[in-house]
Amino acid sequence: MNKNTLANIFSRLISIILVIISLALLCNLKNRQICSDYTIFYSPVPATPNNELMVLRQGSADAANAVNAGPGRLYAKSACLMDVSSNRILYDKDCFSPLPMASTTKIMTCILAIENGDPEAAVSVSKYAQGMPDVQLNICEGEQYKLGDLLYSLMLESHNDTAVAIAEHIGGSVEGFANMMNEKAASLGCNDTKFVTPNGLDADGHHTTARDLCLIASYAIQNETFQNIIKTPSHAFKELSGKRSFTVNNKDLFLTSYDGAIGIKTGFTGRAGYCFVGAAVRNNMTLVSSVLASGWPPNKSYKWADTKSLMNYGFSNYSIQPLIDGPITLNPIPVKDADGKCCSFTKELPVKYEQHIFYPLSGADNVTLKINLPEYVTPPVNTGDVIGSVSLMLNDTVINETNITSEVSVAKYDYHDIIKFVFDLFLI
């Protein structure tokens with residue numbers, strides 16, 4: 001190998017080394033520039049702190065006084081007022097205490113029969129059903145009736161023999177139907193309810209709470225067939241052989257004495273006293289109420305007075321309003337490593353939060369957002385990754401919790417990315 005060849009090889013090596021050094025210097029400069037840009041970009045922008053509270057609505061003292069005053073004196077030993085759309089309890093009087101509930105039991109009997117039976121099906125009357133005490137339709141053993149007709153007998157005039165015939169038809173036996181009732185109650189969130197009978201006659205262990213009754217009623221009135229039955233003034237029908245005919249009339253005085261009333265069901269036994277579960281709708285808000293042990297004879301009207309007081313209180317102090325209705329602007333989250341250094345060409349991760357939630361609110365209610373977001377995120381971050389959450393709070397209760405997910409992917413850069421950038425710069 002001659003001297004000229006060696007000189008050429010040496011010259012090329014020197015050139016390659018100089019290029020590598022130049023690239024390294026350029027990459028380092030680019031890295032410093034990115035970090036410098038990152039610091040300048042974020043210095044004036046505070047990061048969103050964890051557990052920040054954002055007030056969306058502040059209640060007033062005057063409204064709080066009105067809400068706290070309640071509906072006034074109630075005769076009932078236990079009472080509850082609930083919004084149907086949210087199951088929010090708007091007022092309660094000892095509403096978690098288990099008590100007998102008399103014929104308000106038949107709300108569950110009716111809705112289970114609607115959901116599990118055919119209204120055209122023939123229901124055969126047993127000797128046991130015939131033997132139920134008053135109030136009776138006076139059906140006889142061996143007779144047959146359409147299930148749909150018996151539901152009017154059940155709800156409009158509260159016939160105890162009808163309730164047992166329905167229970168035996170749907171559940172195979174009273175005990176089997178009671179099991180169905182209890183399973184349904186549990187699925188609705190009724191924590192202190194036990195059904196023993198389908199008609200509500202006094203029985204050991206047969207009880208519920210005013211709160212649980214409202215949950216059951218709130219569920220039932222969302223069924224169109226159930227609503228049609230309880231709002232019907234009267235219903236005529238025949239035993240399937242055609243030998244006997246009947247007309248049952250609605251005994252619910254609340255239905256015709258309160259503006260917007262829907263129903264629902266009265267009850268009375270010696271243990272339970274007078275009971276009533278009612279429902280009414282005004283201004284797109286539907287309320288249900290329950291009163292248990294609202295007097296004993298001769299104070300038959302106490303349950304109506306209590307129910308109207310509860311409903312007036314609810315409609316006067318509450319209305320369906322937006323808890324949140326639209327997007328909320330939140331600070332973007334910085335992208336960096338644990339040492340606070342830049343580690344991606346993406347400097348910030350945008351944060352979006354949007355909800356449309358309507359709820360029964362009073363002028364006393366406070367609505368806040370509890371923002372749970374990190375001070376920074378470290379790549380890699382993939383689209384759809386959970387990066388935090390936002391809790392929507394009514395007073396001190398979380399109403400809705402939403403995960404905040406990344407809408408973009410963020411890659412962590414390394415020197416390969418920087419070298420590629422420099423090469424692209426030279427190639428351009």
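Modeller: Here are the salt bridges, then the pocket, then the aromatic rings.
This is a predicted model, where local features need pLDDT of at least 70, side-chain atom pairs count only at pLDDT 80 or more, and totals for chains, interfaces and linings use all residues. Residues are numbered from 1 along each chain as its sequence is written, and side-chain values use heavy atoms, with hydrogens and water left out.

Colleague: Fine. How many salt bridges are there?

Modeller: Seven. The rule is a side-chain nitrogen of Lys or Arg within 4 Å of a carboxyl oxygen of Asp or Glu.

Colleague: Which residue pairs with aspartate 365?

Modeller: Arginine 88, with the closest N and O atoms 3.0 Å apart. Aspartate 365 is in the loop between strands S14 (352–361) and S15 (367–372), and arginine 88 is in the loop between S2 (78–83) and S3 (89–93), so the bridge ties together parts 277 residues apart in sequence. Helices (H or I, at least four residues) and strands (E, at least two) are DSSP runs, numbered from the N terminus.

Colleague: Are aspartate 365 and arginine 88 buried or exposed?

Modeller: Both are buried. Buried means under 20% relative accessible area, exposed means over 50%, and partly exposed is in between (1.4 Å probe, protein chains only).

Colleague: What does lysine 146 bridge to?

Modeller: Glutamate 120, at 3.0 Å from N to O. Lysine 146 is in strand S5 (residues 144–146) and glutamate 120 is in the loop between helix H3 (106–116) and strand S4 (122–124), so this pair joins parts 26 residues apart in sequence. Lysine 146 is partly exposed at 31%. Glutamate 120 is exposed at 52%.

Colleague: And which residue does arginine 244 contact in a salt bridge?

Modeller: Glutamate 143, with the closest N and O atoms 2.9 Å apart. The two sit 101 residues apart: arginine 244 in the loop between S6 (234–238) and S7 (245–249), glutamate 143 in the loop between H4 (127–130) and S5. Arginine 244 is partly exposed, at 25%. Glutamate 143 is buried, at 12%.

Colleague: New topic. What volume does the largest pocket have?

Modeller: About 530 Å³. A pocket is an open set of points on a 1 Å grid over the protein atoms alone, where a 1.4 Å probe fits, with protein on both sides within 12 Å along at least five of seven lines. The volume is the space filled by probe spheres set on the points, which are joined across faces, edges and corners.

Colleague: How many residues line the largest pocket, and which are closest to its centre?

Modeller: There are 27 lining residues, meaning those with an atom within 4 Å of a point. The closest to the centre are Val135, Ser158, Thr266, Gly267 and Phe268.

Colleague: Which element gives the most to that lining?

Modeller: S8, with six residues. Elements giving two or more include S8 (261–269) and helix H11 (302–317).

Colleague: What is the span of H11?

Modeller: H11 has 16 residues and reaches 23 Å from first C-alpha to last, close to the expected 22 Å. The expected span is 1.5 Å times one less than the number of residues. Its buried residues include Trp304 and Tyr313.

Colleague: Last one. How many aromatic pairs?

Modeller: 10. Rings of Phe, Tyr and Trp (its six-membered ring) pair if their centres lie within 6.5 Å; planes under 30 degrees apart are stacked, over 60 edge-to-face, and the rest tilted. Phenylalanine 237 and phenylalanine 246 are stacked, 5.5 Å centre to centre with 25° between planes. Phenylalanine 237 is buried at 4%, and phenylalanine 246 is buried at 13%.

Colleague: Which residues form the aromatic cluster?

Modeller: Phe254, Tyr258, Phe276 and Trp304.
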